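Dear colleague,

Please find below the structure that I am handing over to you.

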Amino acid sequence: NEVFHIEQTVKMETQRMQAAREEIFTHGFQSREQIIRNIHLQLQVHRNNIVNDTVKEVNHMRDDHLNRPLMVSFIGEEALDAGGVSREYFQLLTEQLFSPDYGMFVFVKNKQYYWFSHFYDDVGVLPIQYKILGTVVALAVYNGIILPIRFPLLLYKKILGKKITLTDLQEVDPEWAKSMHDMLDMKRKGQDVADLYLNFTITVDKFGAPIEIPLCPNGENIDVTNYNVEEYVNRLVDWKAN
């Protein structure tokens, strides 16, 4: 963490000095406040429209400006961002985006972690909002702001491109993972998995109503047996993780 913080600070200061030189060379004499604003990555949002404004602002940010120190301002308010405004902005934004009522994320494992909602499109959430959120989280980390976001370790394994296993999902749903292990043990002990009367589907809660989702084409008509139980478990793991 210390190494990252030092590298980030040096990189940010280098970007700040370079931007300042460019401002003076391009525009000549300006007020100190104007120079300060121009050498920062500026993010201007309305308090009552913070999500939509953020999507719009981040979409128009130049890649070569993302390494500049962040300066947030709430439209209609005069406070100059010395760190406090940025922290308030990130707090308000994450509270809204990570609320289960918003539809992007749900709680898992007794509200210990956040995970992605399977039905985000049904409540009008667009994939671009996840991309924007990723950029915003990166900006917070880069600017030394800690966000109250709790993801399970398997998310970081996904980011690294590693395969997700049943053991990984045990972290977020231990009871379900145990039932999968018990099912695999049935086969190893010579018992018949078909006695469980399962098929290649998963039943999930969609806004209070259970729905059945096939894990493969025609999954509702494929019984789980000792012959295909490993494939069934692998498909469940893939569906839950991806």
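Predicted model: local features only at pLDDT ≥ 70, side-chain atom pairs only at ≥ 80, totals over all residues.

Residues are numbered from 1 along each chain as its sequence is written, and side-chain values use heavy atoms, with hydrogens and water left out.

Helices (H or I, at least four residues) and strands (E, at least two) are DSSP runs, numbered from the N terminus. Two strands pair if DSSP finds at least two bridges between them.

Strand β3 (residues 105-108) pairs with strand β4 (residues 113-116) in the antiparallel sense, over four bridges. Within this pair, V106 lies opposite W115 of β4. Four residues lie between the strands of this hairpin, where K109 has a positive phi near 50°.

Strands β5 (residues 201-206) and β6 (residues 209-214) also run antiparallel, joined by six bridges. Here I202 faces I213 in β6. The hairpin of β5 and β6 has two residues between the strands, and F207 in the turn takes a positive phi of about 55°.

Helix α4 (residues 84-97) and helix α5 (residues 127-142) have axes that come within 12 Å and cross at roughly 145° (axes are lines fitted to C-alpha atoms, for helices over the stretch in contact, and angles run from 0 to 180 degrees between N-to-C directions). Y89, F90, L93 and L97 of α4 make the contact (heavy atoms within 4.5 Å) with L133, V136, L139 and A140 of α5.

Yours sincerely
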